[in-house]
Amino acid sequence: MALQDVCKWQSPDTQGPSPHLPQAGGWAVPRGCDPQTFLQIHGPRLAHGTTTLAFRFRHGVIAAADTRSSCGSYVACPASCKVIPVHQHLLGTTSGTSADCATWYRVLQRELRLRELREGQLPSVASAAKLLSAMMSRYRGLDLCVATALCGWDRSGPMLFYVYSDGTRLQGNIFSVGSGSPYAYGVLDRGYRYDMSTQEAYALARCAVAHATHRDAYSGGSVDLFHVRESGWEHVSRSDACVLYMELQKLLEPEPEEDASHAHPEPATAHRAAEERELSVGPGEMTPGDYRMPAGTETV
C-alpha cells in the first residue's frame, strides 16, 4: 500500500495562493501554519499498536516489549525502544503515541528528581505512579494517549503499577498493554507463578512477546527484556522475535517414529503407552504434547 493511501494525502490546490514569496508589504500567513487547522485537514487518525508486558515475581519485576513502531500500515521504525528508564530503580513500558509517552516520561523524570532533591530520597513506585496519573488526568479529552506499566523496586520490595492517560491507576502482578496484549495474556496466564526462578521468568516473557508478535500485525521486530532488581534495573537482552518464535515451534515437532509397527498401535496399547509416558516424565522435562513455552514455565 502506498504511503499516500495510508495518510490519505492529496495534492495541494493549484488554484490557491502561490508558493512564491509575495511582494514587499504584502506578507500573508500561508495556509497550514495553524497547527490545529493543519491537523484537521491533513492529519488523519492513524491506527497504531504494540505489545508490552510486565509482571512481578519474587526476584523483582520483568518488563518486556517488542520494538516495532507502526503508523497505520506503515512501519515507522523496526528497532525502537519501548521501555524507558526513569531512574536507577524505576522504568516503564510505553504504549500509545510515541511522542506523548516520551514527553511525559521526561516530565516524570524531572519531577522525581526535584522531589529527591527536596526530600533527600527517591519517592516510592506508588508515589511516582500517583504523580504521573495526577499530571495526565488534567489533559483528559485532549487526545493524549499514554498507557504505561511502571516497574520498580523501593522500600516495599518489587512493585508494579498500570497508569493510563485518563488518570487510571492500578496495582497488580501482571499487566500487558497494546494491540498484542490478548495473545500475551494467554501465555502469561498459563505459565505465571510468583515463585518462578529468574530463568523461568525470562523464558516466559520472551515466549509471551514472541507469540504476540506472530499473531499481531502491529507488533514485531525484536524482543527487549529488562529486569528490575533490588540493586537496580538491567537490560537483559534484545532477541529477534522471528527467531524466538521459530525456536518455540521446534518444541512442537513430534519425534519421528522409530518403527513402522508403532505408527498405528492398538487403542489399548496407545492408551497404556500414554499412561507410562505421563508417569515417567518429570516436572522439568518436555513431551510432544507440551507447547507454546519452555518447560521451565509450565504450571504444575
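I count a polar contact as a pair of N or O atoms within 3.5 Å; within protein, one must be able to donate a hydrogen and the other to accept it, and residues adjacent in sequence count only if both atoms are side-chain atoms. This is a predicted model, so I ask for pLDDT of at least 70 for local features and 80 or more for side-chain atom pairs, while totals for chains, interfaces and linings use all residues. I number residues from 1 along each chain as its sequence is written, and side-chain values use heavy atoms, with hydrogens and water left out.

**Entry: Thr50**

I looked up Thr50, which UniProt lists as "active site" in an unreviewed entry; such annotations may be inferred rather than shown by experiment. I found Thr50 in the loop between helix 2 (35-42) and strand 1 (52-57); helices (H or I, at least four residues) and strands (E, at least two) are DSSP runs, numbered from the N terminus. Thr50 has a relative accessible area of 5%, so I note it as buried (under 20%; exposed is over 50%, partly exposed in between, with a 1.4 Å probe and protein chains only). Its side chain makes a polar contact with the side chain of Asp66 at 2.8 Å.

**Entry: aromatic pairs**

I searched the whole structure and got five aromatic pairs (ring centres within 6.5 Å, using the six-membered ring of Trp; planes under 30 degrees apart are stacked, over 60 edge-to-face, the rest tilted). Phe55 and Phe57 have ring centres 6.3 Å apart and planes at 55 degrees, so I log the pair as tilted. Trp104 and Tyr139 are edge-to-face, at 5.5 Å and 65 degrees. Trp104 is buried at 12%, whereas Tyr139 is partly exposed at 38%.
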